[in-house]
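Let's walk through this one together, from a single residue out to the whole chain. Have your viewer ready.

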Amino acid sequence: MLIAGFPAGAWGTNCYLVAPAAGEECVIIDPGHQAAQGVEEALAKHRLKPVAVVLTHGHIDHVASVVPVCGAHGVPAWIHPDDRYMMSDPEKGIGRTIGMPLMGELTVGEPDEVREMTDGAKLELAGLELTVAHAPGHTKGSVTFGLPEAADIPPVLFSGDLLFAGSIGRTDMPGGSMDDMLASLARVVLPLDDQTVVLSGHGPQTTIGQERATNPYLRQVAAGRQEHGAPDAPRRGM
């Protein structure tokens, strides 16, 4: 298994390329702000051919390079239907104007082909099977992608802005909900094996075991205290 990732753009959003091995087809996850060049460099370095872009949610820091990346390679983008509107109207997704200098760098809109995915879907792409879990909280259409254990790697969770090392995604923008976030952590994250590697939308990788032991939000959910409000701890992401 090959997973190549790099942080891109003003928000340091992690973009990932996933393939069975170097020299094969791949899936691109979350090509965000200023990610197009990094994608091309990773494709060339590992001799990869993209077959699809898949998106954990619709915020501009995760989708800003979807149009150029999909256009350059003639591939579709997959997104949850609840977040699809943000591809064409990113400002609506964050509840404010991003600002003219930044917007001037972006190609806003949908690529030629957009496919919608829902909870429990299994995307068979590039010789991989990505399991989609709907995980609202950061946005209404947030999802995670799970990869099963393989011979050379443990299970992997691409968590988007649901779960970070030591934190979770913010819930104070349109479509965000702390109640939904905690419910998603309980339903999507807690059942996973401790050895599962978490590759999130921002920041370093971690494991489910590490977060179960140290993440204040996940510890709250594990203790069954979803109804008592969120811990007074920082949250991350756009």
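Which residues does Glu116 touch, not counting residues up to four places away in sequence? They are Trp78, Ile79, Pro81 and Arg84, where contact means heavy atoms within 4.5 Å. Before going further, please keep in mind that this is a predicted model: local features need pLDDT of at least 70, side-chain atom pairs count only at pLDDT 80 or more, and totals for chains, interfaces and linings use all residues. Residues are numbered from 1 along each chain as its sequence is written, and side-chain values use heavy atoms, with hydrogens and water left out.

Glu116 sits in strand 6 (residues 114-116); helices (H or I, at least four residues) and strands (E, at least two) are DSSP runs, numbered from the N terminus. With a relative accessible area of 42%, Glu116 is partly exposed, a class that falls between buried (under 20%) and exposed (over 50%), using a 1.4 Å probe and protein chains only. Ala77 is 39 residues away from Glu116 in sequence, yet their C-alpha atoms are 8.4 Å apart.

Ala77 also leads us to Val66, which touches Pro31, Val53, Leu55, Gly71, Ala77, Met87 and Pro111, not counting residues up to four places away in sequence. Val66 belongs to the largest nonpolar core, which has 26 residues; together with Leu17, Ile28 and Val53, Val66 touches the most other members. Such a core is a set of buried Ala, Val, Leu, Ile, Met, Phe, Trp, Tyr and Cys residues joined through side-chain atoms within 4.5 Å. Two or more residues each come from strand 1 (2-8), strand 2 (13-19), strand 3 (25-29), helix 1 (36-46), helix 2 (60-63), helix 3 (66-73) and strand 5 (77-79). A second, separate core has 22 residues, among them Val27, Val54, Val132 and Phe145.

Now for the largest pocket. Of its 13 lining residues, Thr131, Gly146, Leu147, Leu157 and Leu192 lie nearest the centre. At least two lining residues come from each of strand 8 (128-134), strand 9 (143-147) and strand 10 (156-160). A pocket here is an open set of points on a 1 Å grid over the protein atoms alone, where a 1.4 Å probe fits, with protein on both sides within 12 Å along at least five of seven lines; lining residues have an atom within 4 Å of a point.

Finally, zoom out. The chain has nine helices and 14 strands, and 53% of its 238 residues count as buried. Among contacts with a separation of 6 or more, 62% join residues 24 or more positions apart.
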